[in-house]
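Hi,

Here is the structure I said I would pass on.

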Amino acid sequence: MTNDAAEKLHSEMRRGAIVLGVLAQLREEHYGYSLRKALADKGLEVEEGTLYPLVRRLEQQGLLVSEWREEDKRRKRFYRLSDLGKATYEQLLKDWRELSASLEALNGSDK
Amino acid sequence: MEWVSRYLDQVGQYLPEDKRVEVTTELREAIEGELEGLAESRPGPVTEADEKAVLERFGHPLKVARDYHPLRYLIGPTLYPSWWQTVKQVAVLVLAIQVVAGLVVGLSTGWRIGAFDLLGLFINGQFWAFAVVTGVYIAIEFSGERPNHLDQWRAERLPAASVAPIRRGDVLTNLFSEGVFLLWWNDVLVLSRWLPDSIPAFPLQAGPAWDGWFWPLNIVFGLAFALHLWVLMRGVWQRPTLWAEIATGLGVIVAAIAICIAGDLVVVRELPADSALQVLGRAELFIERTLKIALLVVAGFTAWDVWKAWRLLLPPTPGLRT
């Protein structure tokens with residue numbers, strides 16, 4: 001039971017972090033696989049079953065724009081941040097840094 | 001890419017028709033991208049095993065399709081507490097109605113309706129009550145409207161604090177006796193129907209003591225019944241309900257004593273000389289006294305309930321265990 005609870009909390013914590021990570025990475029244009037590989041290369045492993053629905057949701061929320069293009073003889077869908085996505089990313093990054101600083105202070109005070 | 005096609009077929013079956021083509025096209029692109037990446041990362045072509053491994057990493061088709069649906073609850077966390085509370089209250093209310101209806105039907109048909117029939121009616125009634133309440137809340141959830149009373153809540157609207165939990169047995173006994181009295185008083189339950197056909201008519205009639213008490217007793221017992229039903233649904237006594245219990249109890253006591261001292265409670269009609277019930281004529285005084293004692297006993301029990309309610313209203317004495 002304890003492991004399940006820890007796993008659930010870990011999953012909840014990661015969810016927000018993955019959104020910020022995806023927005024950060026899509027400051028440059030990516031298609032599905034290249035996005036996942038770029039995130040993994042920087043230490044953020046995201047499962048396929050998580051990433052693709054997330055990207056779709058972010059596009060429906062107006063944070064991403066996409067277009068189909070042919071590359072290497074295959075049609076690929078390329079994503080990047082919209083203007084709203086850029087503004088949202090900047091705000092989320094600011095919030096994240098503030099949260100991170102608060103958590104560091106909290107953890108530092110326990111020592 | 002046979003496995004990919006089979007996978008996308010399955011995912012498509014769980015998607016609404018208007019999204020099927022768009023989503024499966026996107027997914028195909030994503031899966032092919034993953035397979036392409038896999039092919040680039042090592043020598044050799046992509047095998048069936050690679051296809052299956054990538055598909056398994058994407059997850060069960062239903063799980064994938066689920067993520068393309070908007071998040072939807074039948075009854076979401078905002079409405080759930082209110083729904084559960086309503087289900088319980090309606091269940092108690094329907095139970096009270098079923099008990100009264102069951103008594104009426106049972107007594108008027110001479111209990112020809114069997115126990116299993118009654119049980120079936122009970123289950124049916126509770127099922128429909130649950131279904132209607134749940135259906136209403138599902139409709140509210142799907143409408144997207146959110147009751148905003150939770151957001152506009154103010155502390156001054158808090159109901160009175162509970163004073164004590166109820167004793168369900170006592171409250172149910174009160175409900176039963178009040179319900180039966182009201183049914184009898186209003187001629188819904190006619191006891192003379194229980195007499196065998198050989199006895200022509202019940203010779204006892206209400207005496208003049210009861211004159212003028214039809215509506216007052218209906219009001220007092222009706223209020224008491226409603227109060228006990230409310231308290232049963234709440235599950236606790238609160239100060240207003242304790243005051244109401246005292247008020248209705250005093251009403252019953254006053255009525256019982258007033259009826260006792262007002263005059264004759266029963267009158268025996270003239271009986272034929274050969275009637276087996278002649279003995280009732282001689283026993284009129286005995287019956288009169290018995291009924292008066294019964295009324296005083298009712299007043300006594302009611303006084304005890306009033307006293308208990310009064311004790312609960314008093315502040316606890318410091319130093320004494322409550």
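Start with B:Lys19: a polar atom of its side chain lies 3.3 Å from the backbone oxygen of B:Tyr68. That falls under polar contacts, meaning a pair of N or O atoms within 3.5 Å, where within protein one must be able to donate a hydrogen and the other to accept it, and residues adjacent in sequence count only if both atoms are side-chain atoms. B:Lys19 sits in helix α2 of chain B (helices are DSSP runs of H or I with at least four residues, strands are runs of E with at least two, and both are numbered from the N terminus). B:Lys19 and B:Tyr68 are 49 residues apart along the chain, yet their C-alpha atoms are separated by 8.8 Å. Leaving out residues up to four places away in sequence, B:Lys19 touches A:Arg56, B:Tyr68 and B:Pro70, where touching means heavy atoms within 4.5 Å.

A word on how to read all this. This is a predicted model, where local features need pLDDT of at least 70, side-chain atom pairs count only at pLDDT 80 or more, and totals for chains, interfaces and linings use all residues. Residues are numbered from 1 along each chain as its sequence is written, chains are lettered from A and ligands numbered from 1 in the order in which they are written, and side-chain values use heavy atoms, with hydrogens and water left out.

Now for the place where the two chains meet. Here 17 residues of chain B are in contact with 16 residues of chain A. Together the chains bury about 1600 Å², 45% of it on carbon and sulfur atoms; buried area is the accessible area (1.4 Å probe) that two parts lose on being put together, summed over both.

Take A:Arg36 and B:Glu34, whose closest N and O atoms are 2.6 Å apart. This pair crosses from helix α2 (residues 32-41) of chain A to helix α2 of chain B. A:Arg56, already mentioned as touching B:Lys19, forms a salt bridge with B:Glu22, at 3.4 Å between the closest N and O atoms.

There are also 9 residue pairs in polar contact between chain B and chain A, both residues at pLDDT 80 or more. On the side of chain B that touches chain A, the elements giving two or more residues are α2 (17-41) and α3 (48-58) of chain B. α2(B) gives the most, with 13 residues. By class, that side has 5 nonpolar, 3 polar and 9 charged residues (Ala, Val, Leu, Ile, Met, Phe, Trp, Tyr, Cys and Pro count as nonpolar, Asp, Glu, Lys and Arg as charged, and the others, Gly among them, as polar).

Last, the second largest pocket, with about 750 Å³ of space. A pocket is an open set of points on a 1 Å grid over the protein atoms alone, with protein on both sides within 12 Å along at least five of seven lines, and lining residues have an atom within 4 Å of a point. Grid points are joined across faces, edges and corners, and a volume is the space filled by probe spheres set on the points. Of its 24 lining residues, the closest to the centre are A:Arg15, A:Thr50, A:Arg57, B:Arg66 and B:Asp67. The lining divides into 7 nonpolar, 6 polar and 11 charged residues.

Cheers

How values were computed
A salt bridge is a side-chain nitrogen of Lys or Arg within 4 Å of a carboxyl oxygen of Asp or Glu. On a 1 Å grid over the protein atoms alone, a cavity is a set of points where a 1.4 Å probe fits but cannot get out, and a pocket is an open set with protein on both sides within 12 Å along at least five of seven lines; lining residues have an atom within 4 Å of a point.
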